[in-house]
Amino acid sequence: MKLDLLGDRQRTHYCGELRKAQAGQTVFLAGWVDVRRDLGNLIFLDLRDHTGKTQIVCNPARSAEAHDRAEEVRPEYVVGVEGEVVVRAPGTVNPQLATGEVEVMARTLLVLNEAKTPPFPIEDETKTSEETRLRYRYLDLRRGRMQRNLRLRHRANQVVRAHMAESGFQEIETPFMTRSTPEGARDFLVPSRLHPGHFYALPQSPQLFKQILMISGFDRYFQIVRCFRDEDFRADRQAEFTQIDIEMAFPQRDVLFELIERLIEKLFALVDVKVGRPFRRMPYDEAMERYGSDKPHLGTSLEWRRLHLEPAASEKVRVAQPLKAMRVPGWGGASRSQLDKLQETAKSLGADWFSYIKVTGSEAQSPLAKELGEPALAALAASLEAQPGDLVLLLGLKSAGGRNAFRTLDEASGELRLDIARKLDLLKPGAWNFLWVMDFPMFEYDEKENRFGAMHHPFTSPRDEDMEKLETDPGAMKARAYDLVLNGSEIGGGSIRIHRQDIQRRVFKALGLTEEKARERFGFFLEALEYGTPPHGGIALGYDRIIALMAGESNIREVIAFPKTASAADLMCEAPASVEPEQLDELGLELKSE
């Protein structure tokens, strides 16, 4: 097929711009053929670009040449069209198109490039498998839904940069190749050709660099930055991801919260969501007790409560103290099979004791009736303000062994709460429940390694009033850490940092790091702390998650231009891939046989 040249022709309008006001004008449009309809004497083309579609009419009575070229084109051909904008007859108006009141009568049709038949239709909604979409990502990105998502992301970028600049922050880039400081997720390692046997690491976060910028006197820093973690994938997790990284010197937590809340308000205004400020605040312990999660979804009123049975009653039903109870309004008629499935779910989540109370009028029916008696059951239901027709769920552990036992119970209760809320359709649609969760534990105990680990990261400052517990009772310490949560998703996490070297050394010691190991991993940072480090703190916002929530997507891959699959593969580029033996030799590397 003979292709045409664009020459010096310049597009006058985008395909989604034309309206009745342009009627009578001569325009030149360019884009992809979305749909071709051949009615014999007339050929209609829907011409598409990122702004929308315009109907093109190729009439041999107007231009035989344009009509002849239209007979050759197929969907996804790239064409340019010159013609006159005309108003459609009343019976032919297409109300589903923004340009539906007009069409362009083609005078010249340039075929600028041809296209193979795509492996899936270029439509907003598609049933095509994700593997196929990612293999042909350049076609997937042509779909209107993907165009809107990535253009939303672009607009969000501008909002972030404007807001941070107005608030006195400097955008500073930090290195992508640094040293490995393994803590938490695995690093991606990059071998050095110039330093055989040595490796760079791709940063999991710019954490140390942004703290060093505070030492350097930059006072307020931010960056929209790529980070890398070699960890298992989920719908809201990728090996390479983007965060809005923020740090400020001489911080007050309330000042930082207000800065972030104003930013979130501006971002969600892009999708016509009015965000209420200030955001609700909740201590970690309260979140775990009431919702069984440190990122609770507040879109349902279901809440747990910790209960203590009398010692004799606890012995009778053989459950450790405390147990957890939750009122489920209107579900007193739950069937035995429904309750059995809930019990199976609870056990699979780690809670090995499960029971219930059905509140029916003045009575309370329960498998525990024999052990506890009707009056005790009725009193228990009344303590939860259960009404006739309600169900009270009880969750516990047969044994309270281990430091983390009751945390396991809390987490199981949180998963069960959401499971029930989804089953009963109790999560309110269209609600945006922002929440600051604060006062996290400083450490969490790793029973496999028999030592404490940092719950956030080892540079988080303990609360001043807990400092004396660092050597005597680290498990009871609270950190000056905070997370920002939206509808059950953590969208940001930060803390006030340790700015004194003596405290940083004590924290490393509590984590089981010897002086030698701490110096080996973080020597440059420990030395920097010796040169007048100001108090400082900040936050990192999960940008991919925020954009996905704004766009109404459940998977962050829908708002990333070129994401990886769940197995960390790039299907389009076929990466990761093997390399030539010569490249390995240059790096002084040899592969182990499988």
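Phe 268, Phe 279, Trp 432 and Phe 434 come together as a cluster, linked by ring pairs. A ring pair here means Phe, Tyr or Trp rings (for Trp, the six-membered one) with centres within 6.5 Å; planes under 30 degrees apart are called stacked, over 60 edge-to-face, and the rest tilted. By that rule, the count is 15 aromatic pairs. Take Phe 443 and Phe 452: their planes sit at 55°, so the pair is tilted.

A quick word on where this comes from: the model is predicted, so local features need pLDDT of at least 70 and side-chain atom pairs pLDDT 80 or more, while totals for chains, interfaces and linings use all residues. Residues are numbered from 1 along each chain as its sequence is written, and side-chain values use heavy atoms, with hydrogens and water left out.

Back to the rings. A pair of aromatic rings is described by the distance of the centres and the angle of the planes. Here are two of the pairs with those values.

| Ring pair | Centre distance | Plane angle | Class |
|---|---|---|---|
| Phe 443 and Phe 452 | 6.1 Å | 55° | tilted |
| Phe 459 and Phe 522 | 5.4 Å | 85° | edge-to-face |

The Phe 459 and Phe 522 pair links distant parts of the chain, 63 residues apart. Phe 459 is in the loop between β19 (451–454) and β20 (481–486), and Phe 522 is in helix α14 (residues 515–528). Helices and strands are DSSP runs numbered from the N terminus (helices are H or I with at least four residues, strands are E with at least two).

Phe 443 has 4% relative accessibility and counts as buried, and Phe 452 is buried with 13%. Buried means under 20% relative accessible area, exposed means over 50%, and partly exposed is in between (1.4 Å probe, protein chains only).

One ring also has a charge over it: Arg 135 lies over the face of Tyr 136, at 4.7 Å from the ring centre. To count, NZ of Lys or CZ of Arg has to be within 6 Å of the ring centre and within 35 degrees of the ring normal.

Now for the strands. Strand β9 (residues 220–228) is largely enclosed by the rest of the structure, because seven of its nine residues are buried. Strand β6 (residues 170–171) runs parallel to β9, joined by two bridges, and Gln 170 has Tyr 221 in β9 as its bridge partner. Two strands pair if DSSP finds at least two bridges between them.

β9 also pairs with strand β10 (residues 240–249), this time antiparallel and over nine bridges. Arg 220 is partnered with Met 248 in β10, and Ile 224 stands opposite Ile 244. With nine of its 10 residues buried, β10 is largely enclosed too. What does β10 pair with over seven bridges? That is strand β22 (residues 536–542), again in the antiparallel sense, where Leu 541 stands opposite Ile 244.

The C-alpha atoms fill a box of roughly 95 × 75 × 55 Å along the principal axes, and 46% of the 594 residues are buried.
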